[in-house]
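This briefing goes with the sequence and structure shown below. Keep both in view while reading the points that follow.

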Amino acid sequence: MLPVTARASEALAASEELGVDRPHIIVIYMDDLGYGDVGAYGATRVATPHMDALAADGIRFTNGYATSATCTPSRYALMTGRYPWRIEGAEILAGDASLIIGTDDMTLPRMLSEAGYRTGIVGKWHLGLGREGESIDWNAHVSPGPNDVGFHESYIMAATQDRVPTVFIRDGDVVGLDPGDPIEVDYERNFDGEPTGIDNPELVRMPFSHGHDNSIVNGIPRIGFMRGGKAARWVDEEIADRFVEVATEFIRRDSEQPFFLYLPLHQPHVPRTPHPRFVGATDMGPRGDAIAEADWCVGRIVDALDELGIRDDTLIVFTSDNGPVLDDGYQDDAVELAGDHRPAGPLRGGKYSLFDAGTRVPFIVSWPRQITPQTSDALICQMDLLPSLARIVGSAIAAPDGEDLSRALLGREPEGRSSLVVEAMSNTALRHGRWAMIPPSEGPRRMATTGIETGHAGDYQLYDLSADDAEAHDLAKTHPAQLHELIEIYRSIIEP
Ligand code: NG6
Ligand code: CA
């Protein structure tokens with residue numbers, strides 16, 4: 001039994017009800033990993049033995065969802081237990097955007113910290129930094145940030161690997177910054193004389209296909225302009241090693257206390273830059289190799305737990321922030337080399353899409369001490385982790401939109417939530433029981449850049465996922481009563 005602080009003891013009745021002791025908790029959050037990108041979900045052309053092992057000794061959810069088909073809103077919901085479309089600004093953020101979580105808001109790390117956990121984040125943040133209306137000085141202490149919303153420790157990339165600034169930030173300070181070479185960042189204008197992807201293709205080793213034509217860092221053109229901070233810039237191929245190193249240090253520091261590690265990894269988001277040891281691990285080029293590298297990261301984390309003898313007492317959630325995309329802006333052969341690999345598995349759409357592959361993602365929960373290996377069809381969303389983990393650790397915290405699905409999360413109950421509103425690029429759709437309903441929305445049916453089907457249509461769409469995972473048969477016209485019921489449910493959620 002792990003120690004319990006006085007503060008948490010009052011609410012312990014809840015976890016006693018479940019009959020569980022409090023575990024260490026790790027949330028491994030992939031970036032753009034699709035439903036079909038993991039062996040346990042059907043992938044064959046990339047080996048993911050460590051991800052598969054989590055599924056084999058835990059619960060493989062087949063209806064596990066991110067709230068959104070892009071990064072920032074899904075992460076917002078994971079952190080706050082609130083639908084991201086309820087607030088302004090939970091959309092793909094620039095690298096210099098301000099923090100979108102209120103510093104007084106209840107969050108997953110804050111709940112766990114109040115329950116006596118040591119909390120840390122290592123990886124991709126993408127929820128903004130600093131105060132609204134104030135521009136960030138990257139050469140001074142950057143706050144508020146993760147340390148102000150519940151994390152005791154943080155080691156992050158501010159936004160994404162393709163957005164400047166391309167540096168790590170530890171507890172609010174840029175790592176390895178030389179004060180004599182300050183960092184400047186601008187998302188509107190370039191700095192005089194600095195090369196860009198659009199003007200200096202001769203300096204680029206990974207050409208862009210769309211977007212990504214601003215500052216060149218390490219031969220890779222990015223989104224946004226940056227100057228200086230040369231000593232602090234990350235080496236893209238070493239990001240995975242660095243995250244694993246910092247994460248395992250965090251795990252090892254004090255295994256007598258319960259800890260919560262949020263590990264949002266950067267793979268297989270663009271630019272895909274696996275370490276040379278993983279180049280050629282698959283025949284799918286950088287995207288496949290980046291997934292192989294991510295699998296190695298998962299293995300290193302589990303190894304660290306094994307070495308400490310705490311694997312059985314650690315609850316690991318493994319999932320992804322949104323669905324897959326092949327060409328997301330760089331010419332890295334992802335499309336050309338995918339062949340018969342189906343990153344979304346049987347599902348339709350992908351990242352950015354209202355179709356199911358936008359938000360239905362690998363979702364695995366492993367806790368050897370408490371979970372009997374199984375597959376669960378329960379409808380569950382990452383937003384539910386805050387209230388569900390609260391229950392498991394004996395906290396009384398509820399969430400605005402997340403539901404306490406602790407029993408489903410531990411495999412003791414086959415049913416999950418009845419309804420879920422999913423979001424893609426600020427449009428929303430409903431998942432209810434076996435049904436998916438997509439309201440009319442404006443925009444092209446297929447994105448010209450990524451080739452992904454968006455789900456936009458002039459009319460309501462209705463699909464029966466139990467018979468039609470691929471959303472190939474629109475039943476809106478033939479099932480008007482069903483459609484009507486779903487529209488009512490949808491409205492009751494989005495306009496409460
Ligand atoms: C898009 C980028 C894409 C990716 C995405 C965010 C372009 C043309 N595309 O705007 O490459 O960075 O934003 O991805 O710039 S996410 O997973 O963080 O939501
Ligand atoms: Ca993402």
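Helix 3 (residues 49–56) lies across strand 2 (59–61), strand 13 (314–320) and strand 14 (363–366), and runs at about 65° to strand 14. Helices (H or I, at least four residues) and strands (E, at least two) are DSSP runs, numbered from the N terminus. Axes are lines fitted to C-alpha atoms, for helices over the stretch in contact, and angles run from 0 to 180 degrees between N-to-C directions. Contact means heavy atoms within 4.5 Å.

This is a predicted model, in which local features need pLDDT of at least 70 and side-chain atom pairs count only at pLDDT 80 or more, while totals for chains, interfaces and linings use all residues. Residues are numbered from 1 along each chain as its sequence is written, chains are lettered from A and ligands numbered from 1 in the order in which they are written, and side-chain values use heavy atoms, with hydrogens and water left out.

- An open sheet is formed by 10 strands in the order 7-6-5-4-12-1-13-14-2-15, with mixed pairing. Two strands pair if DSSP finds at least two bridges between them.
- Strand 7 (173–174) and strand 15 (374–376) stand at the edges with a single partner strand each, so one side of each has no neighbour in the sheet.
- Strand 6 (residues 168–170) and strand 7 run antiparallel and are joined by two bridges. Arg170 has Asp173 of strand 7 as its bridge partner.
- Helix 4 (residues 71–80) lies across strand 1 (24–30), strand 4 (118–124) and strand 12 (259–264), and runs at about 165° to strand 1.

**Helix 6 and helix 7**

- Two packed helices are described by the angle between their axes and the distance between the axes.
- Helix 6 (residues 239–253) packs with helix 7 (residues 285–308) at an angle of about 20°, and their axes are 10 Å apart. That makes helix 6 roughly parallel to helix 7. Angles under 35 degrees count as roughly parallel, over 145 as roughly antiparallel, 65 to 115 as roughly perpendicular and the rest as oblique.
- Helix 6 and helix 7 make a right-handed crossing. A crossing is left-handed if the near helix is turned anticlockwise from the far one by less than a right angle, and right-handed if clockwise.
- Helix 6 contributes residues including Ala240, Val244 and Ile251 to the contact, and helix 7 contributes residues including Trp296, Cys297 and Leu308.
- The residues of this contact divide into 10 nonpolar, one polar and five charged. Ala, Val, Leu, Ile, Met, Phe, Trp, Tyr, Cys and Pro count as nonpolar, Asp, Glu, Lys and Arg as charged, and the others, Gly among them, as polar.

**Helix 9**

- Helix 9 (residues 385–393) is mostly covered, with eight of its nine residues buried. Buried means under 20% relative accessible area, exposed over 50%, and partly exposed in between (1.4 Å probe, protein chains only).
- Among the buried residues of helix 9 are Leu385, Pro387 and Val393.

**Loops**

- Val164 and Pro165 are joined by a cis peptide bond with omega about 0°. Pro165 is in the loop between strand 5 (153–157) and strand 6.
- Another cis peptide bond joins Val270 and Pro271, with omega about -10°. Pro271 is in the loop between strand 12 and helix 7.
- Asp32 is not a glycine but has a positive phi of about 75°. Asp32 lies in the loop between strand 1 and helix 3, and is buried, with a relative accessible area of 1%.
- His212 lies in the loop between strand 8 (184–186) and strand 9 (216–217). His212 has a positive phi near 50° and is buried, with a relative accessible area of 7%.
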